[in-house]
Structures are given as structure tokens and as C-alpha cells.
Amino acid sequence: MTIDLTTARNRIMQYYDLLYHANPQHADLEDIQNWNNQCVDYFIVLNKQGNNYNYMKTIQASFHEFIELVPQVTESQLGSQTFIDSLLNASLSETKSAFEKLEFNLNFFRQLNYFSDNIVAIGANGSGKTSLANSLRENLNHNGLVISAQRVLFIPELDSLPSHKIAEEKWLAMNKKSRTFKDFEDFLEIKEEFGYVLGNLIAKHYKNALNYYQNSIGGQSVTNSFQSELETALRIWNTIFDYRSLELSEDLNLRVHVKNDQTYEPIKMSEGEKSSLYLICQVIQAPKDGFVIIDEPEMYLHKTIITKLWDQLEACRKDCIFIYLTHDLDFATSRTDAKKVWLKSFIYPLKWDIQEIPNNEIPESLFFELLGSRKNILFCESEKGQIDEKVFKILFPQYTIVPVESCRNVINFTKAYNKIPIVNTRAFGIIDSDYHDPDVLNRYAKCDVYNFQMAEIENIFLQEDFLKDISEKLYVDDVALERLKESVLNELEKDKVMQASKYISSRINDYFKDSHIHEGQNMQEVHANYEEFKDKIEIEAWFSERLSLIEQIINSKDYSRAISIYNNKGLKKLTSRHMKIQSLTDYSLKHLASNQKAKDIIKKVFPQQLL
């Protein structure tokens, strides 16, 4: 029955008025006012969204269930004290429960912006994924199927053909229950669920086959080929595991056939094969035009089959909307056509903060990693596991360190992250000086991208104070340190032309990346704009200026300034020779991790904004 807004509000307000006149302090009066407000919200949603979406069917069912439970009051009953007393003393627990269901559904679908696409909800442990799955199980009004993360993959042997009606009742009852392993009885109950899933499929298969046979002998048209849900499930499984075949045998049980003609029972299947079969059989039976909610869809599945499995199930059940609850970032990225949301926080028992993940310049897989960070982000120009990342993790434990390989990525990702409205953290970038022009570095700093005062990361361990700190432990005297400093300056003398040239090349690259040529209305304007752009690149002047600076450093024997501008990974060999150690970098990292004095020395070359 369709209930309009006026009818719904009249029913609620008549009940409210009755309670108010009988007892102005009645405990349920405030709740009933909330019922009225929620009815208005429901019709606003219905008018905006229409009723042709999966979620509106769920919300409508919740609304009708709730309104039907609101006690009805007629004019003739108002004069009956017996009737009034019965209402005053009546328990409203069912009505309140139905109202909570309506409220949950309205809030949930509102947070997801009334979607019509599949959803991937990403949340770390403790973000309420399983609680959300259980709440959806309770509130979908038979318009969905919730597949729990907790499942026992035990496939029983059937000894008789189950009754279609009984098999369906067992399957439906199983899917209404939340999965827990709180006691042994819970485990035993969950242990039976695979049997209920298969039993219902097999019962429907034989029921449909019988109908097909009876129609054929009754003279009715049977030109269309018959395929049951069970056969569809087996076809999908056999497509995914194409090196073997799963079939229904004459004794009503499944059997696996391999290419060498061997046959074995499903109990001997791998966990991935059994999990895939379970998921397929469940999704195949999901309500038409409903929802399929899967908690941890990647569980028990090998990465090589996850994408193939869910692609096929989505294609098979295009009428359904899939909602995946996961913390697996690879899986989330694999659902390319799904809307991505973030389970940002959860307050027990029924309050989730769900945020849609906006498109941005940061690669999706990387951005998913950053969502759960409670620390500010520090992007660095390093590859995972390289020395830059290791150093920054030691020096900056207050940040989530994120290596993104290139200087350009550091700059772009820092800017992009800080534009995202749904995050509570802030991003910063750290780059080495590496030939960059000071004016360029100042511009980067305005975007929260800072440089440390070394041409490259390894040079931080060549600081004189740091070398003196470790020399005592390495039994290296001051003479050896002086020779090391002298060798560095001598190498810089040899490389000064190349160093100046690399500086110019880097500066030109920066200029090209940070500039653009003005559009021209004709070829003459384009040519003029290009010439203007080209004239600003003063290669000879820049080269002379840089070479003069290097020579000044060498002549004044300014070792500290030398290591700050000298980009030469070959300096490792000099340190190994003079410090008599195979790898100064490895030793320095260990020393840095355990020594506060060493940290204080190294931090001197880093910007105060990050400390």
C-alpha cells in the first residue's frame, strides 16, 4: 500500500495529540516528534530521487514498515478510556525499532549521496566495517544480501534432495544472522552455512528442472534452453579455475574434475577455490534489484583471481549494487568503475562518518594509503626503502613519510593533498637542493615544499660535526678527517665545469616547467613570445656565476659549503678510504637511529618549518 505524506503525518500527530492530552510529560512525546520530522525527510528524498533506484526500494520498505506500526487512532476511539489506557500502556519497542531502521537507511544513503553505482568503502581496522555490515544486514528489509568476512568454508555432503521450501527458509534465516565466534555454538552454526547456501541452490535447480520437464510433457513451448542459478554458478567458477571443472554429480553432490580424469570431493579444494564458490553461490542468489554487501571481499582469495571473480559477478548481477567493505588497497584500486568512499570514523553503535573520496592528482592507490594517517604527511623524492625514506623516518617520526620518487611528484602531490577537503591532516614536501635555483626553492616553500641544505641526501653524513661524532667510535683521528675534507675539495676542483654545467641544465629544466609561452593570435605573435621566453634563459651568465661560486668555495677551502652544493655519489669511495669503513651510509643510519646527539647535528641542515 502506498502511504502519502499527509496520511503518515496525520497518523503520527493524532497519536502524539492523544498522548499529550493524556499525559503532557509522557516519555515518548519527543520521540514521536522525531518520527514526524523523519517522515518529512523521507518524502523530500523521494521527491528528489524518484523510486526507481535500489536504495529507494529499501527506504520505502523501511518507511512503510514503520508507519504500519504507528498506533492508529480514530475519532470514535478517542472517547474510549479503555482504548486510551491501552495505548498509554502499550509497548512501542517494535515501532521504535522500525523508526531506527528508517533513520539508519536515510542517513546511510544520504552519506553516500544516493548512489546508483557500485561502492568501495575503505576503512582500517576499527573503522566500523563489520558493524556497518551487520547494521546493513538488519536494515535492508530483504532488499539485499550481506556476506560476512567471518565464514567457515566447510562443504558438506548431501545425502538427500532438500525440500525447496525448507532449503530456502534455512538460507534466508542464515543470512539474517550476524556472524560471531563468541562461543562454540556460534561456530557450529556458522559451520553449517555453506551447506545451506548449496542446499538452496540445488533444491531450486531440481525444482526448476521439474517445472521444465512438466511443461515439456504438457505440450507447452520449451524452445528456450534452461539454465538454473546453480548452473550459472558452476559456469562462473569453471571460467575462473579453467584448469579444472566443477560439476553436480548424480548423488546430488559437487565433484571436481581435473584434466587427468581424476575426480575428488570439494572438501579437498583449496581455500581460494572454496571461497570463490561460496561467494559465487551467494551472489547468484541475491535479491533482484537489491544490494550485495561484502565485508572483506578479498579474504581467502589469491590476488591473481580477485579481479576476475568480482568482474564476473558484477557482470552477472548487473541488477544489483555491490557495496564492498575493505581495507585492502589493491582490491579497492581494482574496482575501477566503483565509487570510492572512506569510513573516516565510527562511534558505537550506529554512527559512521562516511566521506566520498574526490578525484585528485595523487594516484588512487597512494591516496588510499594516506587516508588512515593520523599524522601529517611528508612527501619525499625517494623510492621505497631507499636512504632518503630511512633518514626521514628517523628524523621526523611525527610525520607519515611517503616516498614519491621525483621532485616534481613531491611538489604536485603536496599541492593536491592540501586541496582535499575530507582529510584532517596536512601535507608537506621535502627535496634536496640538487642544483635548484634559490628563487625556485623559495617559490616551492610557499607551497609547503622545503629543501634541506645539501645537494643530495648522502651528503648529510659528510658534515664535519657528524664525522667527528662517529670518528671516535671508528678510531679515526683528526688527520684522517682533514685528508677527507681535502679530498672532497680536490674532487670538486676536478668536477667544477661539469658541476656548473649540470646546474645550468637543471635551472633550464626548472624554468621550462615553471613557465609558459603566452598564446599568440598569429604566427608573428607566437614567434615574438617564443623569442621573449628564450631571451630570459641566460646560459652564459648563469654558467659564469655558478663556476665563480664553486671556485670561491674551493679557494677558501669552505668544506661545509662544498658538500652543500656538490652532487657526486662517488664521494662514498672517499669516505670509505679515509674513514676505513666499507659503507659510511649504513653505519651512519644505525648511529643516527640510536643517538640523539647525531640527530641534532643532522637536523641543522633541515628547515625549521618541518622540525
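Figure 1. The mean pLDDT (the predictor's confidence in each residue, from 0 to 100) is 87 for the protein chain, and 94% of the residues score at least 70. Confidence is lowest in helix α9 (residues 184–191), with a mean of 63, and highest in strand β10 (residues 376–380), at 97. Helices (H or I, at least four residues) and strands (E, at least two) are DSSP runs numbered from the N terminus. Where pLDDT is low, the predicted coordinates should not be read in detail. The domain assignment, automatic or from a database, gives domain 1 (5–112), domain 2 (119–356), domain 3 (373–451) and domain 4 (457–610). The centres of domain 2 and domain 3, taken over C-alpha atoms, are separated by 44 Å.

**Figure 2. Contact of helix α16 with helix α25.** The axes of α16 (residues 387–395) and α25 (residues 584–594) come within 10 Å and cross at roughly 15°. Axes are lines fitted to C-alpha atoms, for helices over the stretch in contact, and angles run from 0 to 180 degrees between N-to-C directions. Contact (heavy atoms within 4.5 Å) is made by I387, K390, V391, I394 and L395 of α16 and by T585, L589, L592 and A593 of α25. These residues divide into seven nonpolar, one polar and one charged. Ala, Val, Leu, Ile, Met, Phe, Trp, Tyr, Cys and Pro count as nonpolar, Asp, Glu, Lys and Arg as charged, and the others, Gly among them, as polar.

**Figure 3. Contact of helix α2 with helix α3.** The axes of α2 (residues 29–49) and α3 (residues 54–69) come within 11 Å and cross at roughly 150°, which makes α2 roughly antiparallel to α3. Among the contact residues are W35 and F43 of α2 and Y55 and F63 of α3.

**Figure 4. Backbone at P349 and D289.** A cis peptide bond, with omega about 5°, joins Y348 and P349. P349 lies in the loop between β8 (339–347) and β9 (351–356). D289, which is not a glycine, has a positive phi of about 55°.

Technical notes
Residues are numbered from 1 along each chain as its sequence is written. This is a predicted model: local features need pLDDT of at least 70, side-chain atom pairs count only at pLDDT 80 or more; totals for chains, interfaces and linings use all residues. Side-chain values use heavy atoms; hydrogens and water are left out. Angles under 35 degrees count as roughly parallel, over 145 as roughly antiparallel, 65 to 115 as roughly perpendicular and the rest as oblique.
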